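Biologist: I'm new to this one and would like to learn how to read it. Could you put it on screen and walk me through a few features?

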Amino acid sequence: MRRRRNELAPDAILDASAFQILWLLSDGRARTMRELSEGLELEQSTVNRQVNAAMRHGYLERFQVPGQVSWMHRPTPEGEEAFKLDGGRRAERLNRVFADLAPGDPAVFLAQLRAYNDAHDRQLSHNQPE
């Protein structure tokens with residue numbers, strides 16, 4: 001699923017890393033570099049390179065909050081628009097994939113995928129040291 005999630009359509013505006021950063025920021029909450037790194041589950045040096053690339057393209061901006069040491073990051077209007085367009089294209093592609101599942105049933109597939117993820121999470125929690 002991760003491989004499919006990062007596939008880019010030929011008409012995509014954003015590269016995979018910019019899309020993931022903007023996805024994380026789509027809740028409207030600005031984040032520090034550390035928060036972005038944690039949210040993306042990537043090393044901070046990797047996220048720093050990705051954020052700087054997105055800033056060079058005009059998709060993100062960095063700003064400082066008075067009384068706070070760390071800089072915050074948020075989408076620019078251009079970044080929000082690119083995310084909206086690419087997100088819509090991804091949703092359209094998924095709809096076409098679900099329509100092409102014949103004779104499969106998208107609802108059954110999603111229920112089975114949810115069950116798989118839940119079982120995976122249970123197994124991970126059972127293997128945690130106490």
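Biologist: Leaving aside its neighbours within four places in sequence, which residues is T32 in contact with?

Modeller: First, a word on what you're looking at: this is a predicted model, where local features need pLDDT of at least 70, side-chain atom pairs count only at pLDDT 80 or more, and totals for chains, interfaces and linings use all residues. Residues are numbered from 1 along each chain as its sequence is written, and side-chain values use heavy atoms, with hydrogens and water left out. Contact means heavy atoms within 4.5 Å. With sequence neighbours within four places set aside, T32 is in contact with Q68, S70, W71, M72 and H73.

Biologist: Where does T32 lie, and is T32 buried or exposed?

Modeller: Helices (H or I, at least four residues) and strands (E, at least two) are DSSP runs, numbered from the N terminus. T32 lies in the loop between α2 and α3. For burial, we call a residue buried under 20% relative accessible area, exposed over 50%, and partly exposed in between (1.4 Å probe, protein chains only). T32 has a relative accessible area of 11%, so it's buried.

Biologist: Which residues have the most contacts inside the largest nonpolar core?

Modeller: A nonpolar core is a set of buried Ala, Val, Leu, Ile, Met, Phe, Trp, Tyr and Cys residues joined through side-chain atoms within 4.5 Å. The largest one here has 17 residues, and L14, I21, L36, V51, Y59 and L60 have the most contacts inside it. Two or more residues each come from α2 (16–25), α3 (33–40), α4 (44–56) and α5. Helix α2 gives the largest share, six residues. Take L36: not counting residues up to four places away in sequence, L36 touches I21, L24, L25, R31, V47, V51 and H73.

Biologist: How far apart are the end C-alpha atoms of helix α5?

Modeller: The expected span of a helix is 1.5 Å times one less than its number of residues. Helix α5 (residues 77–99) has 23 residues, so it should span 33 Å; its end C-alpha atoms are 33 Å apart, which agrees. Within α5, the buried residues include G79, F83 and R90.

Biologist: How many salt bridges does the count come to?

Modeller: Look for a side-chain nitrogen of Lys or Arg within 4 Å of a carboxyl oxygen of Asp or Glu. By this rule there are five salt bridges. In one of them, D11 pairs with R89, with the closest N and O atoms 3.5 Å apart. That pair links distant parts of the chain, 78 residues apart: D11 is in the loop between α1 (2–5) and α2, while R89 is in helix α5. D11 counts as partly exposed at 43% relative accessibility, and R89 counts as partly exposed at 28%. Another salt bridge joins R31 to D27, where the closest N and O atoms are 2.6 Å apart. R31 has a relative accessible area of 6%, so it's buried.

Biologist: Where is R74 found, and what does R74 contact?

Modeller: R74 is found in strand β2 (residues 71–75). Leaving aside neighbours within four places in sequence, its contacts are L25, A30, Y59, L60, E61 and F63. R74 is partly exposed, with a relative accessible area of 33%. R74 and F109 are 35 residues apart in sequence and 35 Å apart in space, C-alpha to C-alpha.
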